[in-house]
Amino acid sequence: MQLINDAHCHFFSSQFFGTLARQRLGTSVVPSAEVAASASDICRELQWEDPGTASALADRWIAELDMHHLHRAVLIASVPGDAASVAEAVARHPQRFVGFFMVDPAAADAVSRTTRALDDLHLRGICLFPAMHHMSLGDERVTRIVELAAARPGVVVFVHCGVLSVGVRPKLGLPSRFDMRLGNPLDLSKLALAFPDVPFIVPHFGGGMLREALMAVDVCRNIHLDTSSSNRWIQFTPALTLEAVFRSALEIAGASRLLFGSDSSFFPRGWQKGIYETQKQIVDRLGVSAADAARIFGGNFEQMFPA
Ligand SMILES: [Zn+2]
């Protein structure tokens, strides 16, 4: 049976819900009991499982991976300041999880937090969301963060580009004041060329900026694409299909720079098997060789994150 590794899952920890709760309460100085109560309310409202401790959620994820015969997964700490939750999950199951964490380069302590997450918490992917954090990829503060990856072989930089929607925010009535202009993959090319030994991952094939993502991939051999999510952005290009997206990506990036991802996040929905099945069918239909398919769905992950 084929080895499947998922390069894009979100770890929606109690801390994650606590951050949303604090945003909804409208202030960062709220008694922690009140934040916890509000975080529980949020889970109830969404009809999502309350994650409990990071260890409990890590075990929930392992049961899910086992049920679907997945080998390993990237878990993303999906709000700044939540690296410790993912680190706890990785420390508990180091053979199965690779930890990524979100950084806001504008934060005064961004460099020290990132250093700690890499050196003390042993996380392996730095996630940048330029549109969310209103921070151009050309900003010197971003360079400072990428330098930390460059000094640590094995660390990758994940850069969200294109359409950004965080589904949970509108559901909770939270605003999403994102500046989409800042998520252009072309802006990544300069950074990727300046740090040729740092692997970069652009999720969702560039999230609507496929052409720009492929242009960047074409000039930067260290930019990889992840295939994750429903890729709903294809609706912004008339007549585009996911099959055509895969065909172009295979032509330009090649199978060795495509990483399968599902963008799974909350429970009880759990791992989004349908996304895997759809993508597997497309890859089969395109006549991709078994060796290349194995790279996309597992091998490239192993190479990037040796266990
Ligand atoms: Zn995602």
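**Exercise 1.** Work out how the lining of the largest pocket splits by residue class, and where that lining comes from.

*Solution.* Keep in mind that this is a predicted model. Start with the classes: 20 nonpolar, 18 polar and seven charged residues line the largest pocket. Next, the space: its volume is about 1,200 Å³. Of its 45 lining residues, Leu164, Ser165, Val166, Gly167 and Val168 sit closest to the centre.

**Exercise 2.** Now do the second largest pocket: which residues are closest to its centre?

*Solution.* This pocket holds about 240 Å³ of space. Among its 18 lining residues, Pro80, Gly81, Asp82, Met102 and Arg113 are the closest to the centre. Helix 4 (83–92), strand 3 (97–102) and helix 5 each give two or more residues to the lining, and the largest share, five residues, is from helix 5. By class, you get 11 nonpolar, two polar and five charged residues.

**Exercise 3.** Describe how helix 5 packs with helix 7.

*Solution.* First, the axes of helix 5 (residues 110–119) and helix 7 (residues 140–150) come within 10 Å and cross at roughly 20 degrees. Angles under 35 degrees count as roughly parallel, so that's what these two helices are to each other. Their crossing is right-handed. Helix 5 makes the contact through Ala110, Val111, Thr114, Thr115 and Leu118, while helix 7 uses Arg144, Ile145 and Leu148. That comes to five nonpolar, two polar and one charged residues.

Definitions and conventions
Residues numbered from 1 in each chain as written. Predicted model: local features only at pLDDT ≥ 70, side-chain atom pairs only at ≥ 80, totals over all residues. Heavy atoms only, no water. Axes fitted to C-alpha atoms, helices over the stretch in contact; angles between N-to-C directions. Helix = DSSP H or I, 4+ residues; strand = E, 2+ residues; numbered from the N terminus. Parallel < 35°, antiparallel > 145°, perpendicular 65-115°, else oblique. Left-handed = near helix turned anticlockwise from the far one by under 90°. Contact = heavy atoms within 4.5 Å. Nonpolar A, V, L, I, M, F, W, Y, C, P; charged D, E, K, R; others polar. 1 Å grid on protein atoms, 1.4 Å probe; cavity = no way out; pocket = protein on both sides within 12 Å on 5 of 7 lines; lining within 4 Å. Points joined across faces, edges and corners; volume = space filled by probe spheres on them.
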